[in-house]
Amino acid sequence: MIDGADDGDVDGDALERRSAVRVVPPARPRKLAKVPFVELADGRLQGVVSSGSDLRRVYVSSFTAGTHDFSCSTNNNRPCGGLYGRPCKHLVALANEAVVQYGLERVARYLRVEVGEGDTLVSRLQGQAEQATAAAVFSRFLRHLAYLEVPDAVAPVPEMHWFPASGAAV
Amino acid sequence: MAEEHLAALAGGRAALFGAVHDALLARLDGCAGRERAEWREPGRGEDTAANLLAGCRSWLTELAITGWRGVDHDLVSSADPTLEALLARPALRRQAVLLDGLAAELRASCPVATLERVPARRWADLWTRAVLLARGAGEEEPAETVSGRLLVLGVDVHEHGTAVQAQVHGVLETRDAARLVRTSVTAAKVDTIVGPAVWRLLTGHPVLMGALAGRLTLNLKDMPLLAGGDLLWHDDRASAGEPADPFATARVVLPRAVAPPVPPLDRHPVRIAEPVLLEGYKARRETLELDGTTLAIDTGRLPACGPLTPALVAASTECVGLMRWDGGRWAVQPLAVRATVKKKPVEAHTGDWALGPADPKIAKAEARTGDAVAVLRERAGRLLRA
């Protein structure tokens with residue numbers, strides 16, 4: 001006879017005992033046209049913002065966790081013209097899209113910032129403009145895009161049983 | 001500690017879980033009255049990736065010596081060059097997808113020392129499998145090619161940030177036999193492609209996707225079949241046939257289908273995914289009452305890319321699903337349900353949206369966020385080759 005649902009203590013220590021437990025919450029769907037890439041990595045909220053006027057130009061923008069200093073420049077390291085001591089429109093877009101993708105709580109925790117009710121994330125990021133190299137983030141973005149060029153596989157990947165698709169609406 | 005010691009440790013752990021897998025599957029086969037074919041070791045091609053696999057082994061060794069609690073950004077990032085090289089080699093896709101999934105979880109958990117709890121069972125599973133895959137063994141050769149009719153039971157979707165796999169379960173009818181088989185297509189993706197958009201990554205297999213969305217039989221001609229019961233899908237060797245009801249397949253054809261053996265390396269409880277038909281039960285939010293027994297519903301395996309929801313499952317009276325074992329208990333993962341909603345009969349399958357969402361509400365939500373795949377492909381086209 002198959003065991004019933006009652007003999008496993010799944011709730012209490014599910015994270016430690018289960019094989020297929022979800023560790024990284026899935027990203028929430030968002031529009032990618034303006035901000036195609038956002039990540040919480042290397043101690044920064046960083047990403048890539050497409051230029052509104054030139055399809056080939058992108059801006060690399062970032063906020064540093066803790067200090068909340070920010071930077072924005074083109075992928076060729078030319079400083080963004082809109083950066084006057086406070087976040088430019090690219091940085092504002094980056095912060096807003098990060099909140100859509102990861103949820104406010106996760107982004108605020110990563111940046112170590114308190115966001116009160118009624119506040120936006122970006123209004124609480126009161127650091128100063130800093131110089132950061134765009135190259136590293138831009139190359140991570142290119143690596144990200146390169147996934148879309150990996151050919152499909154038709155041999156089974158049994159290891160994916162550890163990674164169930166989830167997230168159906170309630 | 002040398003690599004060989006860690007390999008022995010991984011081998012021992014895998015053997016233990018393999019034995020648990022065998023016992024569970026034997027019990028399930030007994031309950032379902034399922035006959036299972038015997039394993040025959042297939043031929044293998046040459047092992048051609050010694051250097052890359054050595055890179056994997058050294059990262060996995062580093063990980064083991066450091067311990068989960070010591071993992072930081074630098075250690076995780078040190079796998080990046082190896083991962084990139086693995087992804088470029090189709091024969092190493094299993095290792096690539098596994099390590100990428102593990103690395104992403106470690107990265108999101110960094111510094112691991114500050115975590116309240118560590119997913120110890122899971123990460124040890126993933127590490128163990130990666131160590132074994134990194135020991136190398138050439139690509140498996142198909143045991144045979146088959147022709148016949150594939151009756152789909154349902155599709156199980158697997159997904160992490162950078163990969164999605166649609167694994168179809170079905171019964172293959174050939175001239176003289178009915179066999180339970182699977183076929184899988186895997187695409188690379190990025191974390192911002194989620195929900196129904198993942199199907200857009202699989203449009204290179206139009207016959208298979210069309211059969212899922214339209215609930216059609218598939219006629220196969222000379223399709224390669226691996227020893228473990230996996231068809232290597234070639235869309236040009238298949239054509240869509242008559243409509244077929246997966247519930248009828250599960251009721252009529254599944255009971256006489258012979259199940260495939262499990263490849264030795266794959267023997268782990270997490271891989272148990274046996275199709276069953278359940279009916280005459282009473283569903284609740286998290287469980288089914290069936291013949292005086294309570295069976296858990298694995299609501300965590302209802303994918304966002306299909307129409308099945310916990311509410312629909314709770315309203316259901318019939319279900320084609322996969323039997324799963326995790327956390328010390330059995331659960332059913334629904335692939336299709338028949339339910340009564342507002343006094344009307346409703347039927348939903350995980351593959352219903354394989355050609356795009358049929359639900360106008362979902363289609364509208366998708367239109368609002370735009371086509372993520374198209375946006376990123378445009379960016380890739382412009383920037384990767386700039």
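Predicted model: local features only at pLDDT ≥ 70, side-chain atom pairs only at ≥ 80, totals over all residues.

User: OK, which side chains does a polar contact of 3.4 Å join?

Analyst: That contact is between the side chains of E173(B) and R256(B). E173(B) belongs to strand β2 of chain B, which covers residues 163-173.

User: Is E173(B) buried or exposed?

Analyst: E173(B) counts as buried, because its relative accessibility is 18% and the cut-off for buried is under 20%. Leaving aside neighbours within four places in sequence, E173(B) is in contact with several residues, including S147(B), L151(B) and V253(B), as well as R256(B).

User: How is chain B divided into domains?

Analyst: There are two parts to name, domain 1 (3-33 + 44-133) and domain 2 (144-256). Their centres, taken over C-alpha atoms, are separated by 27 Å, and four residues of domain 1 are in contact with four residues of domain 2.

User: And the largest nonpolar core, which residues have the most contacts inside it?

Analyst: Those are W59(B), L63(B), I193(B) and W199(B), in a core that has 96 residues. Helix α5 (residues 93-108) of chain B gives the largest share, with seven residues. Both domain 1 and domain 2 of chain B give residues to this core, so it lies between them.

User: What is I193(B) in contact with, beyond its neighbours within four places in sequence?

Analyst: Its contacts include L148(A) from chain A, and on chain B they include E159(B), V198(B), L201(B) and L376(B).

User: Switching to rings, how many aromatic pairs are there over all chains?

Analyst: A search of the whole structure finds five. In the pair formed by W68(B) and W123(B), the ring centres are 5.3 Å apart and the planes are at 55 degrees, so the pair is tilted. W68(B) lies in the loop between α2 (50-66) and α3 (73-77) of chain B, while W123(B) is in helix α6 (residues 120-133), so the pair ties together parts that are 55 residues apart in sequence. W123(B) is buried, with a relative accessible area of 0%.

User: Which residues do ring pairs link into a cluster?

Analyst: In chain A, ring pairs link F37(A), F138(A) and F141(A) into a cluster. Another ring, that of F163(A), has R122(B) lying over its face, at 4.8 Å from the ring centre.

User: What about helix α10 of chain B, does it lie largely in the open or largely buried?

Analyst: It lies largely in the open, because the number buried among the ten residues of α10 (residues 360-369) is one. The N-terminal end of α10(B) is capped by D359(B), where a side-chain oxygen lies 2.8 Å from the backbone nitrogen of K361(B). After the helix comes G370(B), with a positive phi near 80 degrees.

User: Which peptide bond is cis?

Analyst: A cis peptide bond joins C110(B) and P111(B), with omega at about -15 degrees, and P111(B) is in the loop between α5 and α6 of chain B.

User: What is the phi of K343(B), and where is that residue?

Analyst: Although K343(B) is not a glycine, it has a positive phi of about 65 degrees. The loop that holds K343(B) runs between β12 (329-341) and β13 (344-349) of chain B, and at 81% relative accessibility K343(B) counts as exposed.

Key
Residues numbered from 1 in each chain as written. Chains lettered and ligands numbered in written order. Heavy atoms only, no water. Phe/Tyr/Trp six-rings, centres within 6.5 Å; stacked < 30°, edge-to-face > 60°. Helix = DSSP H or I, 4+ residues; strand = E, 2+ residues; numbered from the N terminus. Buried < 20%, exposed > 50% of the residue type's maximum accessible area, 1.4 Å probe, protein only. Lys NZ or Arg CZ within 6 Å of the ring centre and 35° of its normal. Core = buried A, V, L, I, M, F, W, Y, C linked by side-chain atoms within 4.5 Å. Domains from an automatic or database assignment. Contact = heavy atoms within 4.5 Å. Polar contact = N/O pair within 3.5 Å; in protein donor to acceptor, adjacent residues only side chain to side chain.
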